[in-house]
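User: Could you take me through the sheet in this one, and what sits around it? I'd like a close look, strand by strand where that helps.

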Amino acid sequence: MSAPGASSASSSLNAPDVARTLDRLHRRARGDILNIALVAPLVVPDFFGFRKVDDVRLSHRMRKSFLPVSREQGHLLYLVARSIDARRIVEFGTSFGISTIYIAAAVKDNGGGVVVGSELDASKHAKANEHLRQAGLDAFADVRLGDALHTFADVEAPVDMVLLDGWKDGYLPILKLLTPKLRPRAVVLADNIFTFKKALRPYVEYMQSPKNGFVSTTLNISDGFEMSVFTG
Ligand SMILES: C[S@@+](CC[C@H](N)C(=O)[O-])C[C@H]1O[C@@H](n2cnc3c(N)ncnc32)[C@H](O)[C@@H]1O
């Protein structure tokens, strides 16, 4: 099933293995509401910008929740990656690999490269790799297990595109870690700007300040995507 407005010409998103895997994972992700309800007391503080548990424990508690980008966001990620010919994309927060599949498909269609992903929870990390294999895209992804602040330390330059979708207090430190590796006009997309408005305000202010080397705007799509272009 395609997102509204998505055309099918020469896109790996329409390859049967990719489309089938995405359909199945998006369908399963609908069960997230129940999973999240069970851990709600742990995640509610995130909405207000403070947290009761550390990242590793939160990831473990959320190990059954997909928390994925929407189909529309997935198609936007694919299109942005295609339009800038992205060959190295870094993803903070891989979960079960839904977003990874969209951007790995773009890397493949661009002629090859890698999505460097990151996941704190070992069971999710294993599942993400399995889903990438099922989609036939595992050759285009290197999902690293552990805290992205450590696993991204040796990411090679140039980085063409970044997706920020891990726990919200990580957005700014990860962005700052990766900034020296960004190529001119690299694109950074950050999810959940509306959902975690307070927690992500420092991130949005940083990206929209003219001092920090980005031009940036919040896109009204799904939970809010901050889209930024590196000009620094
Ligand atoms: C919102 S989900 C990601 C959803 C995924 N991008 C998708 O669209 O399918 C966030 C994930 O980031 C992981 N995460 C959070 N903080 C992390 C960190 N510091 N390093 C690596 N992974 C992290 C969590 O375990 C969780 O699975």
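Analyst: Let's start at one spot: Glu91 stands opposite Leu163 in S4. S1 and S4 run parallel, joined by four bridges. Before going on, this is a predicted model, where local features need pLDDT of at least 70 and side-chain atom pairs count only at pLDDT 80 or more, while totals for chains, interfaces and linings use all residues. Numbering starts from 1 along each chain as its sequence is written, and side-chain values use heavy atoms, leaving out hydrogens and water.

Strands and helices here are DSSP runs numbered from the N terminus (E, at least two residues, for strands; H or I, at least four, for helices). Two strands pair if DSSP finds at least two bridges between them. On that basis you get an open sheet of seven strands in the order S3-S2-S1-S4-S5-S7-S6, with mixed pairing. S3 and S6 are the edge strands, each pairing on one side only. On average, neighbouring strands of the sheet are turned by 15 degrees against each other, direction ignored.

Now the helices around it. H10 lies across S4, S5, S6 and S7, and runs at about 135 degrees to S6. Contact here means heavy atoms within 4.5 Å, and axes are lines fitted to C-alpha atoms (for helices, over the stretch in contact), with angles from 0 to 180 degrees between N-to-C directions.

In H9 (residues 171-178), Tyr171, Leu172, Ile174, Leu175 and Leu178 are buried, meaning under 20% relative accessible area with a 1.4 Å probe and protein chains only (exposed is over 50%, partly exposed in between). These residues cover an arc of only 165 degrees around the axis, which puts them on the same side of H9; the arc is that of the directions from the helix axis to the C-beta atoms. Their packing partners include S1, S4, S5 and S6, along with H8 and H10.

The buried ones are Lys124, His125, Ala128, His131 and Leu132. Down the axis of H7 they fall within an arc of 125 degrees, so they line one face of the helix.

Ser95, between S1 and H6, has a positive phi near 55 degrees despite not being glycine, and it counts as buried at 11% relative accessibility.
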